[in-house]
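Subject: Structure handover

Hello,

Here is the structure I promised to pass on. Please open it alongside this note.

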Amino acid sequence: QITTVSGNEFLLQSDIDFLILDWFHAIKNAIDRLSKERSCTSRNLELKLRRSSSIELLNSLDTESKEPKPEHRKSLIFRLNYSASDTNDRNRVKSRLKKFISRRPSLKTLQEKGLIKDQIFGSHLHLVCEHEKSTVPQFVRLCIKAVERRGLDVDGIYRVSGNLATIQKLRFVVNQEEKLNLDDSQWEDIHVVTGALKMFFRELPEPLFPYCFFEQFVEAIKIQDNTTRIKSIRSLVKKLPRPNYDTMKILFEHLKKIAAKESVNLMSTQSLGIVFGPTLLRPEKETGNMAVHMLYQNQIVELMLSEYSKIFGSEED
């Protein structure tokens, strides 16, 4: 998935690993080339892209307004007849804005007063579970039930993208309301439900496979002996925090049902690995090994689906 500076999102998918690598290298080379071409405008770009508070942005405007202006800009200002009173008015507005922003109540205060409800999307998994007094988010359970009722036989389920505007609408409803009915006619497109579920996992501040486990899972999938590899993955899964383990177990059990209908929906374990690998499992900091990591991410999910009973079953199994 690619998100551009302008906010556009593109999802490129393929079952062929070497084709994915070709795409990755082509996109990376294009980004590198653009970076060099635009180096002369990096100052302005940095100002636009940096994540700063409203106060910092206003301060930066103050600083820039005090910087000495070139002669041609001075003459332009003179011709436009900017007076001292105009400057005073601008400074007065900035001052009032700063006071207004600095006096805003904190997010915690607004939540305590009930003006802003706890968010489901974008919150840590354990916080969502604590709030709901469960170990698996209710939204995840509802999506899985909806898909298993009316989506197991749908061609390209989880691979095909739903309407982004409708998915965002569903996201808003989930964050604002306590009750959700996925059988409502506005969510009749099952790809909207699957898209929202993928978005939920993608927006977790820390993925379902915690960052501290990433390298351990990668090392485990590299093991050549299949029996040892499965035991190593199983051991790591058992060490996960309870919300992560329980959510992972119910999700992979669901995806296994999807793969069982491969002859109808055309979604194999490999296809599901490609879709969910980067969503559920990613490093905390991206490195130059991104393309290699992507292959391991897919393989880990694929193995866990193929060997579900051995990884999530009891010791006796």
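Below is what I found, from the whole chain down to single residues.

**Ground rules**

This is a predicted model, so local features need pLDDT of at least 70 and side-chain atom pairs count only at pLDDT 80 or more, while totals for chains, interfaces and linings use all residues. Residues are numbered from 1 along each chain as its sequence is written, and side-chain values use heavy atoms, with hydrogens and water left out.

**Confidence**

The average pLDDT (the predictor's confidence in each residue, from 0 to 100) is 81 for the protein. A score of at least 70 is reached by 73% of the residues. Two stretches need care. Residues 45-55 have pLDDT below 50. Beyond near neighbours in sequence, that stretch makes eleven contacts in the model; contact means heavy atoms within 4.5 Å. Residues 71-80 are also below 50. There the model has three contacts beyond near neighbours in sequence. Where pLDDT is low, the predicted coordinates should not be read in detail.

**Overall picture**

The protein has 17 helices and two strands. These are DSSP runs, numbered from the N terminus: H or I of at least four residues for helices, E of at least two for strands. Of its 317 residues, 35% are buried. Buried means under 20% relative accessible area, exposed over 50%, and partly exposed in between (1.4 Å probe, protein chains only). The protein exposes about 19,600 Å², by the Shrake-Rupley method with a 1.4 Å probe, where for residues only the protein chains shown count as cover. Carbon and sulfur atoms supply 53% of that area. Take the contacts between residues at least 6 apart in sequence: 73% of them join residues at least 24 apart.

**The core**

The largest nonpolar core holds 65 residues. A nonpolar core is a set of buried Ala, Val, Leu, Ile, Met, Phe, Trp, Tyr and Cys residues joined through side-chain atoms within 4.5 Å. Which members touch the most others? They are Phe209, Phe252 and Met304. Leaving out residues up to four places away in sequence, Phe252 touches Phe209 and Met304, and also Leu280, Val301, Leu305, Tyr308 and Phe312.

Ile250 sits in helix α13 (residues 242-260). Beyond four places in sequence, Ile250 contacts Val136, Arg141 and Ile144. Ile250 and Arg141 are 109 residues apart along the chain, with 8.2 Å between their C-alpha atoms.

Pro207 lies in the loop between α10 (190-202) and α11 (214-221). Its relative accessible area is 1%, so Pro207 counts as buried. Pro207 touches Asn244, Thr279, Leu280 and Arg282, residues up to four places away in sequence not counted. From Pro207 to Leu281 is 74 residues in sequence and 6.1 Å in space, C-alpha to C-alpha.

**Buried polar side chains**

Asn265 lies in helix α14. It is buried, at 0% relative accessible area. A polar atom of its side chain lies 2.9 Å from the backbone oxygen of Ile258. The Asn265 side chain also reaches the backbone nitrogen of Met267 at 2.8 Å. For polar contacts, the rule is a pair of N or O atoms within 3.5 Å; within protein, one must be able to donate a hydrogen and the other to accept it, and residues adjacent in sequence count only if both atoms are side-chain atoms. Outside four places in sequence, Asn265 touches Ile258 and the residues Leu152, Asp153, Val154, Asp155, Gly156 and Ile157.

Arg234 is in helix α12 (residues 226-238). Its relative accessibility is 13%, so Arg234 counts as buried. A polar side-chain atom of Arg234 lies 2.9 Å from the backbone oxygen of Gly313.

**Positive phi**

Two residues other than glycine have positive phi: Tyr158, near 80°, and Leu266, near 60°. Tyr158 is in the loop between α8 (138-150) and α9 (164-176). Leu266 is in the loop between α14 (262-265) and α15 (269-280). Are they buried or exposed? Tyr158 is buried at 0%. Leu266 is partly exposed at 49%.

**Cysteines**

How many disulfides are there? The count is zero, where a disulfide is a pair of cysteine sulfur atoms within 2.5 Å. Cys129 is buried, at 3% relative accessible area. Cys212 is exposed, at 54%.

Over to you.
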